[in-house]
Amino acid sequence: MQIRIAGEIEESIVDGPGIRYVIFTQGCPHHCKGCHNPETHDFNQGTLVDVDTLMEKMKKYPYMTGLTISGGEPFAQPIAVLELIRSYQALYPRKNVLLFTGYTYEELCALHQIEIDEILSLANYLIDGRFILDKRDISLVYRGSTNQRIIDLQATKVKGDIVEKCF
């Protein structure tokens with residue numbers, strides 16, 4: 001299975017809790033004004049990479065806290081992202097997965113797409129919502145604008161209602 005990526009960071013402390021491996025997916029339909037990663041918008045750019053190749057790279061960093069999948073828009077490639085999450089969790093079952101998305105949790109759930117539903121059931125955290133320049137706040141942890149939420153997906157699944165996480 002291949003995934004189109006804009007890049008990766010092998011050791012990040014700013015893209016989620018702890019030390020993380022970060023994959024930036026390529027392609028985004030949102031084109032938020034003031035986006036932090038505008039070079040990831042074009043669906044025809046980036047590099048096609050095998051998920052297995054990414055997993056081999058991640059094996060070199062067993063001390064990582066977790067995996068962050070950012071973008072671009074990860075949910076524009078739900079089948080490949082699902083395969084990436086499954087592979088990561090098979091390798092590191094006790095580590096967490098965090099996704100950034102320009103969609104809201106509610107928008108993703110309303111799609112009723114099998115792969116998206118499974119991503120939301122497997123991942124630990126979702127930072128949702130488009131970046132809104134007028135709501136930019138540099139004091140926020142892991143987010144760029146005040147409308148964005150950090151959702152604890154596992155607690156949300158148990159409660160049946162959105163549970164926000166504070167790091």
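In this predicted model, E118 and R86 form a salt bridge in which the closest N and O atoms are 2.8 Å apart. E118 belongs to helix 4 and R86 to helix 2, so this pair ties together parts that lie 32 residues apart in sequence. E118 is partly exposed, at 25% relative accessibility, and R86 is also partly exposed, with a relative accessible area of 39%.

A salt bridge also joins the side chains of E106 and R149, with an N to O distance of 2.7 Å. Because E106 sits in helix 3 and R149 in strand 7, the pair ties together parts 43 residues apart in sequence. The two partners fall into separate accessibility classes: E106 is partly exposed at 40%, whereas R149 is buried, with a relative accessible area of 18%. Together with D128, these two residues are linked in a network of salt bridges. The structure holds six salt bridges, and one of them pairs K59 with E56, whose closest N and O atoms are 2.9 Å apart. Here K59 is partly exposed at 42% relative accessibility, as is E56 at 45%.

M58 illustrates how the chain comes together here: leaving out residues up to four places away in sequence, M58 touches Y21, I23, L67, L84, Y88 and Y92.

I13, V14, I19 and Y63 form a surface patch with about 410 Å² of accessible area together.

Q26 lies in the loop between strand 2 and strand 3 (47-50), yet Q26 counts as buried, at 3% relative accessibility. The side chain of Q26 reaches the backbone oxygen of T40 at 3.2 Å. Beyond its neighbours within four places in sequence, Q26 is in contact with residues including R4, I5, A6, H41, F43 and Q77. H31 is found in the loop between strand 2 and strand 3 as well, but H31 is partly exposed, with a relative accessible area of 48%.

H31 has a positive phi of about 50° although it is not a glycine. Y142, also not a glycine, has a positive phi of about 65° and is found in the loop between strand 6 (125-128) and strand 7 (149-152). A cis peptide bond runs from G71 to G72, with omega near 10°, and G72 is placed in the loop between strand 4 and helix 2.

Finally, T53 has its place in helix 1 and is partly exposed, with a relative accessible area of 38%. T53 and Q89 are 36 residues apart in sequence, and their C-alpha atoms are 15 Å apart in space.

Notes. Residues are numbered from 1 along each chain as its sequence is written. This is a predicted model: local features need pLDDT of at least 70, side-chain atom pairs count only at pLDDT 80 or more; totals for chains, interfaces and linings use all residues. Side-chain values use heavy atoms; hydrogens and water are left out. Contact means heavy atoms within 4.5 Å. Patches are made of residues with over 30% relative accessible area and no salt bridge: like charges are joined within 9 Å, nonpolar side chains (Val, Leu, Ile, Met, Phe, Trp, Tyr) within 5 Å. Accessible areas come from the Shrake-Rupley method with a 1.4 Å probe; for residues, only the protein chains shown count as cover. A salt bridge is a side-chain nitrogen of Lys or Arg within 4 Å of a carboxyl oxygen of Asp or Glu. Helices (H or I, at least four residues) and strands (E, at least two) are DSSP runs, numbered from the N terminus. Buried means under 20% relative accessible area, exposed over 50%, partly exposed in between (1.4 Å probe, protein chains only). A polar contact is a pair of N or O atoms within 3.5 Å; within protein, one must be able to donate a hydrogen and the other to accept it, and residues adjacent in sequence count only if both atoms are side-chain atoms.
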